[in-house]
Amino acid sequence: MSHGPLDAVRGVLLPRPDGSLSGPHDVLLEGGAVRSVEPSSAHVGGRVLDAGGRLALPGFVDAHVHGGSAVLDPAVQLALLRQGVTSIVTGSDGVGYAPSSAEGAAWAARYFAGIDGAHPGFDGGGMAELLATYDGATPVNVAALVPHGTLRRTVMGTAQRAATAAETAEMVALARQGFADGAVGLSTGLEYVPAAWAEEDELVALAAVAAEHGLPHVSHMRGYEDKAGPALAELFRLAAATGVATHVSHLHGPAAPIVAALDAARADGLDVTFDSYPYLRGCSILAMVALPTWLPLADPDATLALIDDPEHGERLRVHLAGLDELWPRVTLAWVPGLDPHEGDVAGHGLVDVAARWQVPPAQAALRVLRASRLRASCVFAQPPTGTAESVRLLAGHRAHLAGSDAIYQPVGAATDEGRPHPRGWGAFARFLAQQVRATGDWTWHDAAEHLSARAARRFGLADRGRLAPGALADLVLVDPATVTDTATYDAPRTPAVGVPVLAGGELTGARPGRGLRPTRGRTAP
């Protein structure tokens, strides 16, 4: 990161495109940027850090992380930095803090209480004001997307219908202001409400704004696994209609048809990328996983009233009866508000909790949702179509870059509440341990592309993602022999090992992070 006190990092190895390593080299720094990379010399002066022959890579960029508030917490900062993550992209899935009214920001914090939580220093306003909250407040840089769902809530309230032309125009105006203030893309969450009610003409109008700025439309699609084909096709139609670059969030499912669809779109001239994480389990709020979208899920009070309304009881019962295959795959992660007499349920399977309570799993899920007022989160195993081989094949694709989809809620300096997904503490180190060292699918040069350079290009961060003269002095040192994740589903908050981090030249303590703005428009990843 910029403005660090070091003058040089001595004795680093660097990855070559052919897969070999070169060095040792010295990375000479000046004014927070890389001045030059030269063969190692004993005559380097000033304040020098001896890298001891470790591998130097550009600071990693997490393309999808629910860290808009969590990144201000020291424990989360440690979780990110110990993996080598020095910059994050927030506002994913169409829900974020800005641009919004005060009510819109409060809605986002309430709806995604179990995902993003409330920002402690922002209660509505523009993108510029949001980005300013990160300046000097964290050692990690923060970029943000314009969140379509928040725009829709700000303009349309709780309406569950298509937008009018006037409403779409108002959302477009807010989006334009968001991009003018420094957003790095537009995000949609088409499985979440209210975006689930959006029709393609509304999405085309907003995607066109991103295209005007040479920045991507980033989407949680309308479905994954067996729904991935139609969901991708919708995104490709938007891209063809507007010329927008398209980025698919946390892509997973059967690799063969997904890769075929991606390759066909790219062959047709569409600019398409995606991120993924190296796990077979996902994580979200239980309401999104278990409840139908005809309920007003973004309004907890209204949803809870309808759940208990006899007129809707039969319709809900039919929906829940169709989820018998889901319940054995669900583990509760965080259940705030549950009566202590119900017992500790975090980290326990929903079926096991239901047996303990002597109720069917669907009724246990409703009890959890009522007690938590829809804030409860869960970890869930992907369907059988999401296999380890699919994860590996997608990670090797030329359109792939890394995104942890980390959820850190609840956060706090000493919290051990809940049992979050370990991806927030280990995804990037796990990619290195698996894709480079275990399988050999990536070289170390490939790792720099997948974990840093492609994301920097995708989001217009031209001064990051590379170690070259003029680039920001944002780098990590990796021990190729030992780097690995240690976080597990049983002990998820365990930091990664083997990645000593240089953030502005300081290993700990400094807070040189800032809100990031694109430094140039679209560049093909």
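Helix axes here are lines fitted to C-alpha atoms over the stretch in contact, with angles running from 0 to 180 degrees between N-to-C directions. Keep that in mind for the first view, and note that the whole model is predicted.

**View 1. Helices H7 and H8 pack with their axes within 10 Å.** H7 covers residues 228-242 and H8 covers residues 255-267; their axes cross at roughly 15 degrees. Angles under 35 degrees count as roughly parallel, so H7 and H8 are roughly parallel to each other. As for handedness, the H7/H8 crossing is right-handed. On the H7 side, Ala228, Leu232 and Phe236 make the contact, and H8 answers with Ile258, Ala261, Leu262 and Ala265. Sort the residues of this H7-H8 contact by type and you get seven nonpolar, no polar and no charged.

**View 2. Strands S15, S17 and S16 make an open, antiparallel sheet.** The order across the sheet is S15-S17-S16. Out at the edges sit S15 (281-285) and S16 (330-334), each of which pairs on one side only. Neighbouring strands in this sheet are turned by 30 degrees against each other on average, ignoring direction. Zoom in on S16 and S17 (residues 377-381) and you'll find four bridges joining the two antiparallel strands. For a handy landmark, look for tryptophan 334, which stands opposite serine 377 in S17.

**View 3. The peptide bond from glycine 23 to proline 24 is cis.** Its omega is near 10 degrees. Proline 24 belongs to strand S2, which takes in residues 21-30.

**View 4. A cis peptide bond links valine 193 to proline 194.** Omega for this bond is near 5 degrees. Proline 194 lies in a loop, with strand S11 (186-189) and helix H6 (200-212) on either side of that loop.

**View 5. Histidine 250 has a positive phi without being a glycine.** The phi value is about 35 degrees. You'll find histidine 250 in the loop between strand S13 (246-248) and H8. Buried means under 20% relative accessible area, so histidine 250, at 6% relative accessibility, counts as buried.

**View 6. Aspartate 405 is a residue other than glycine with a positive phi.** Here phi is near 55 degrees. The loop that holds aspartate 405 runs between strand S18 (400-402) and strand S19 (406-407). With a relative accessible area of 6%, aspartate 405 is buried.

Notes: Residues numbered from 1 in each chain as written. Predicted model: local features only at pLDDT ≥ 70, side-chain atom pairs only at ≥ 80, totals over all residues. Heavy atoms only, no water. Pairing = 2+ DSSP bridges. Parallel < 35°, antiparallel > 145°, perpendicular 65-115°, else oblique. Left-handed = near helix turned anticlockwise from the far one by under 90°. Contact = heavy atoms within 4.5 Å. Nonpolar A, V, L, I, M, F, W, Y, C, P; charged D, E, K, R; others polar. Buried < 20%, exposed > 50% of the residue type's maximum accessible area, 1.4 Å probe, protein only.
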